[in-house]
Amino acid sequence: MTFDIVTIFPAMIEHPLAAGILGRAIDRGTLDMKVRDLRDFTTDRHRVVDDVPYGGGPGMVLKADPIFRALDAIEAERGAPLRVVMTSPQGRRLTQDVARDLSGAAHLVLLCGRYEGFDDRVRERVTDELSIGDYVLSGGELPALVILDAVARFVPGVVGDEQSVAEDSFSRGLLDFPHFTRPAAIDAGARSASLSGERILRVPDVLLSGNHAEIRRWRKREALSRTLALRPELLDGASLDEEEQELLRELKGARHGRD
Ligand code: 9D3
């Protein structure tokens, strides 16, 4: 899959991309990423990318013409992009479903917003407008990285284990079960949160039992009970197998018992 990212801060994108799963996918050529400096598509001596808003008011606006020239250059080099995503606080919220949908495109362009946003005429060349959530950030670079990471994980070969992508908790609509690693018992220290004074923390016995059917069932129950407690709205969209539906009925019954 091919990504082009247009930004006035290329370093904000390049350095995080070099690390981890995405870095490896880029090295191997599974992902073709190019970060483009918007200033390279200006035509004036001072490489100006922003200007004051028509109608007055505070802040600056990203000029449309450097964006159009950047898109023309990308198209000349690679052919027409299938999707052009603009990051903006007004955009549709990024979800796992949106990321999966975008991963179906062979070529994605991400436009990183800055200042008060883009000259609205940029929309003429945009297919998708995305926000990553309802909080104020300083620009679209971090959102572009978040979108990129979520989308790239769906590209075959990026995540080593295809099954882990399919089973990923948000893809399944449930929160993850708890994880433990060695040692089987540890001292939480004098500042332990436990009021009972028990400082020795043990891994649940079932995980040490070697009984894989029991372990699977325990993990299902834990994932369901966490989801029920912390994000009950996720259960409406979750696809549960027979065993999970039965466990959920049990858990809901247990909650009623306490009410
Ligand atoms: C403080 C300026 N605000 C005036 C009402 C509007 C505003 C403009 C530009 C707020 C934030 C930004 C910069 N943010 C983004 O470009 C952005 C963003 C975000 O802030 N939160 C979540 N997702 C995104 S995607 C792009």
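In what order do the five strands of the open sheet stand? The order is 2-1-6-5-7, with parallel pairing. The model is a predicted one, in which local features need pLDDT of at least 70 and side-chain atom pairs count only at pLDDT 80 or more, while totals for chains, interfaces and linings use all residues. Residues are numbered from 1 along each chain as its sequence is written, and side-chain values use heavy atoms, without hydrogens and water.

**Sheet**

- Strand 2 (32–37) and strand 7 (128–131) are the edge strands; each has a single partner strand, so one side of each lacks a neighbour in the sheet.
- On average, neighbouring strands of this sheet are turned by 30° against each other, direction ignored.
- Strand 1 (residues 2–7) pairs with strand 2 in the parallel sense over six bridges; pairing requires at least two bridges found by DSSP.
- Val6 stands opposite Arg36 in strand 2.

**Helix on the sheet**

- Helix 5 (residues 141–152) packs on the sheet and touches strand 1, strand 2, strand 5 (83–93), strand 6 (107–111) and strand 7.
- The direction of helix 5 makes about 175° with that of strand 1, where angles run from 0 to 180 degrees between N-to-C directions of axes fitted to C-alpha atoms.

**Arg83**

- Arg83 lies in strand 5 and is buried, with a relative accessible area of 18% (buried means under 20%, with a 1.4 Å probe and protein chains only).

Key:
Helices (H or I, at least four residues) and strands (E, at least two) are DSSP runs, numbered from the N terminus. Contact means heavy atoms within 4.5 Å. Buried means under 20% relative accessible area, exposed over 50%, partly exposed in between (1.4 Å probe, protein chains only).
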